[in-house]
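Have a look at the fold before reading on.

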Amino acid sequence: MQGLGELESAVMDVLWRGDGDRTVRDVLDELSKERELAYTTVMTVLDNLHRKGWVEREKVSRAFHYQAALSREEAAARALRAVLESTDDPAGVLLHFARSASDEEADALRKALRKRR
């Protein structure tokens, strides 16, 4: 995801794959299947993601419970919006993208545009 580091992206992936909220320990246990991390590292990453608005948290007893503030699809759309806003020709970018879309993607775009009207 645009604007996120490698570890932040991995943490977001854990939150997006999970059901409901997750504690630091839950996220650490999931990430530990692929890499060795300290509890405090995961806690700091989750705190940073909260500060950036990527995750929401609620204190339950003595521990924070975290969940993604937006869906993976919403985050991808936000990244696409940032790309479009960073260019002098957003229409040209969209046209190039549309030409590269698969049949299924083109159908989804057509349906979404029809609903928008």
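## How α1 and α3 cross

Helices α1 and α3 are roughly perpendicular to each other (that label covers 65 to 115 degrees). Helix α1 spans residues 6–17 and α3 residues 39–52; they pack at about 85 degrees, axes 10 Å apart. On the α1 side, Leu-7, Glu-8, Val-11, Met-12 and Leu-15 meet Thr-41, Val-45, Leu-46, Asn-48, Leu-49 and Lys-52 of α3, with contact meaning heavy atoms within 4.5 Å. Those contact residues split into 7 nonpolar, 2 polar and 2 charged.

This is a predicted model, where local features need pLDDT of at least 70 and side-chain atom pairs count only at pLDDT 80 or more, while totals for chains, interfaces and linings use all residues. Residues are numbered from 1 along each chain as its sequence is written, and side-chain values use heavy atoms, leaving out hydrogens and water.

## What α1 packs against

In α1, Leu-7, Glu-8, Ala-10, Val-11, Met-12, Val-14, Leu-15 and Trp-16 are buried (under 20% relative accessible area, with a 1.4 Å probe and protein chains only). Besides α3, these buried residues pack against α2 (24–31), β1 (55–60), β2 (63–68) and α4 (72–85).

## His-65 over on β2

Strand β2 also holds His-65. At 19% relative accessibility, His-65 counts as buried. Its side chain makes a polar contact with the Asp-21 side chain at 3.2 Å (a pair of N or O atoms within 3.5 Å, one able to donate a hydrogen and the other to accept it). Leaving aside residues up to four places away in sequence, His-65 touches Asp-21, Arg-22, Thr-23, Glu-56, Arg-57, Glu-58 and Val-60.

Conventions: Axes are lines fitted to C-alpha atoms, for helices over the stretch in contact, and angles run from 0 to 180 degrees between N-to-C directions. Helices (H or I, at least four residues) and strands (E, at least two) are DSSP runs, numbered from the N terminus. Angles under 35 degrees count as roughly parallel, over 145 as roughly antiparallel, 65 to 115 as roughly perpendicular and the rest as oblique. Ala, Val, Leu, Ile, Met, Phe, Trp, Tyr, Cys and Pro count as nonpolar, Asp, Glu, Lys and Arg as charged, and the others, Gly among them, as polar. Buried means under 20% relative accessible area, exposed over 50%, partly exposed in between (1.4 Å probe, protein chains only).
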